[in-house]
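Here are a few exercises to work through with the model open beside you. Try each task before reading its solution.

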Amino acid sequence: MFSVLIADDHPLFRAALRQVIESRFTDHRIYEASTLDEARAFVSGGNNDLDLDMILLDLQMPGSEGFSGLVTLRNAAPEVPIVIVSAATAVETMRDSITYGAAGFIPKSFCQEEMGEGIRRVLEGGVFLPCEAAEADAGRADFCGGMRDRIGALTQGELRVFELLARGKSNKIIAYELGIKESTVKAHITAILRKLRVHSRTQAVIAARELNLH
């Protein structure tokens, strides 16, 4: 069951994303939100049992300014990958979306097949960016500067969790493979992010892959 929240204030575009999902997943559950407050209500409080697999988020929604909506939802549901689907296609906007915790960026100008490919890439644990953004991201090496020294500060337990995290494993799978509690995995990830000086698990995965640690 693929469970997804589509957060976009345009009904026609929510319908278009529905078509992308329905064409790729026979077993799916789709929720919709037209404002940031509605989206936040879905992922917090009594809605934690939704067990979302992904959030598709428009940057420009009522109640959101700049990347505030992304940061709000990332903090409310840190384990759920958020993919930005936006008409803003400046390379800086795409890169900044990843920096602020998104797991991918899909331009609204993409065809349904391209959108589906971006969703698939993120579901498999990857980070999706359009080719022009990925090729222009020369600053990523700077992001990873000193990362090897920071990784060296991880404990053995944190390092084992980090290695599986870098392969795109979920917390449940990591806990199962290491034979530890999921709460322990979450505690390790919190420590990993702090020691690596990154703000999201997506940034940690990017750093690991830049260093060929995945």
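**Exercise 1.** Find which backbone nitrogen lies 3.0 Å from a polar atom of the side chain of Ser86.

*Solution.* Start at the side chain of Ser86: a polar atom there lies 3.0 Å from the backbone nitrogen of Ala88. Then check burial: Ser86 has a relative accessible area of 1%, so it is buried (under 20%; exposed is over 50%, partly exposed in between, with a 1.4 Å probe and protein chains only).

A word on the ground rules: this is a predicted model, where local features need pLDDT of at least 70 and side-chain atom pairs pLDDT 80 or more, while totals for chains, interfaces and linings use all residues. Residues are numbered from 1 along each chain as its sequence is written, and side-chain values use heavy atoms, leaving out hydrogens and water.

**Exercise 2.** Work out whether the rings of Tyr31 and Phe42 are stacked or tilted.

*Solution.* Rings of Phe, Tyr and Trp (its six-membered ring) pair if their centres lie within 6.5 Å; planes under 30 degrees apart are stacked, over 60 edge-to-face, the rest tilted. The structure holds four such aromatic pairs. For Tyr31 and Phe42, the centres are 5.7 Å apart and the planes at 50°, so this pair is tilted. Now locate them: Tyr31 sits in strand S2 (residues 28-33) and Phe42 in helix H2 (residues 36-43), so the pair ties together parts 11 residues apart in sequence. Finally, Tyr31 is buried at 18% relative accessible area, whereas Phe42 is partly exposed at 22%.

Note on methods: Polar contact = N/O pair within 3.5 Å; in protein donor to acceptor, adjacent residues only side chain to side chain. Helix = DSSP H or I, 4+ residues; strand = E, 2+ residues; numbered from the N terminus.
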